Amino acid sequence: LDLDACVWLEEELKTYKRILVIISHSQDFLNGVCTNIVHMTQKRLKYYTGNYEQFVKTRLELLENQMKQYNWEQDQIAHMKNYIARFGHGSAKLARQAQSKEKTLAKMVAQGLTEKAVDEKQLNFSFPSCGTIPPPVIMVQNVSFRYNDKTPYIYKNLEFGIDLDTRLALVGPNGAGKSTLLKLLYGDLVPTAGMIRKNSHLRIARYHQHLHELLDMDASPLDYMLKSFPEVVEREEMRKIIGRYGLTGRQQVCPIRQLSDGQRCRVVFAYLAWKKPHLLLLDEPTNHLDMETIDALAEAINDFEGGLVLVSHDFRLINQVAEEIWVCEKGTVTKWNGNILDYKEHLKKNIEKEARINSVPAK
């Protein structure tokens, strides 16, 4: 779904009169639609009221309280055990007190102790330092493009530049040419007219939806990365590198074909990062990623020294990383004056306007 369709679906479902059970990795979507959250953790289901944002807040408070209770209990247990060990065989009075504490301790254990609070596993993606190259990094000069003589132009007379400080999100309906523009910048496609000039030292990493299908399915992530980056000689060093992207233990050494789509995407991100690119071209990078991984990716992008051009239907990711919004529509690219949340409101108003027009009976 493109952003328009995501907004339409959210508006439809938030007023839906029947029961909905939704699985989604889009926090923005869950915030707009859900009134209850079921959290699956440690093979249990825990229930929360409110949308996703309220769930995160409530869960954090519960974890903090649980940890305080756990620490208090552990302090009490340590104190009682120490007292019993020291005075259990002393004078009659001290021995009686030690026996009393032993009974109290046994009662605490029988009633059930508070478990140690365990938060979700945190991921820390990173993109290594890429160094600097002088601007302009990419110059798009009077570029027009169409796939062949029989098809209409997707773009006409594009003029813009991209540098290492560019943080750009491309939005617009499906079929508007967002992915096509990334392919032109990367070099997979050649302009029909005009020219795209690149710095001769520029390294580009392009993520697209089908990239994980191009991996060597019979190789393990560890062997694939060692083969791709022979300068990393030590296997243990490469294990650490892959581990940063959420692949640990057996996942590192089993064939890639046995991994889930989300795990394969993490192999791809590890590979792209260690190319040490100056420019990231990301086309729908969140499709197979869970929320924790999406947030880890956002943090890594914000710490990244180079440039970014992003195509995504995840409003929250765009809001976290993009400094500019460009709208691809009707053969051109125009800068949106505002942030992605302003653009979402714009889409909502268009949907409401269309709904009003469609609800008016024809005369």
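Visitor: Why is C254 too far for a bond with the closest cysteine sulfur?
Guide: The sulfur of C254 is 15 Å from that closest one, in C265. A disulfide is a pair of cysteine sulfur atoms within 2.5 Å. This is a predicted model, where local features need pLDDT of at least 70, side-chain atom pairs count only at pLDDT 80 or more, and totals for chains, interfaces and linings use all residues. Residues are numbered from 1 along each chain as its sequence is written, and side-chain values use heavy atoms, leaving out hydrogens and water.

Visitor: How many disulfides does the count come to?
Guide: Zero, by this rule. C6 is in no disulfide either, and the nearest cysteine sulfur, that of C34, is 14 Å away.

Visitor: Is C6 buried or exposed?
Guide: C6 counts as buried, at 15% relative accessibility. Buried means under 20% relative accessible area, exposed over 50%, partly exposed in between (1.4 Å probe, protein chains only).

Visitor: New topic. Where is T293 found?
Guide: T293 is in helix α10, residues 291-303. Helices (H or I, at least four residues) and strands (E, at least two) are DSSP runs, numbered from the N terminus. T293 is buried, at 0% relative accessibility.

Visitor: What does T293 touch?
Guide: L123, F125 and R266, not counting residues up to four places away in sequence. Contact means heavy atoms within 4.5 Å.

Visitor: And V38, where does that lie?
Guide: V38 lies in strand β1. V38 counts as partly exposed, because its relative accessibility is 48%.
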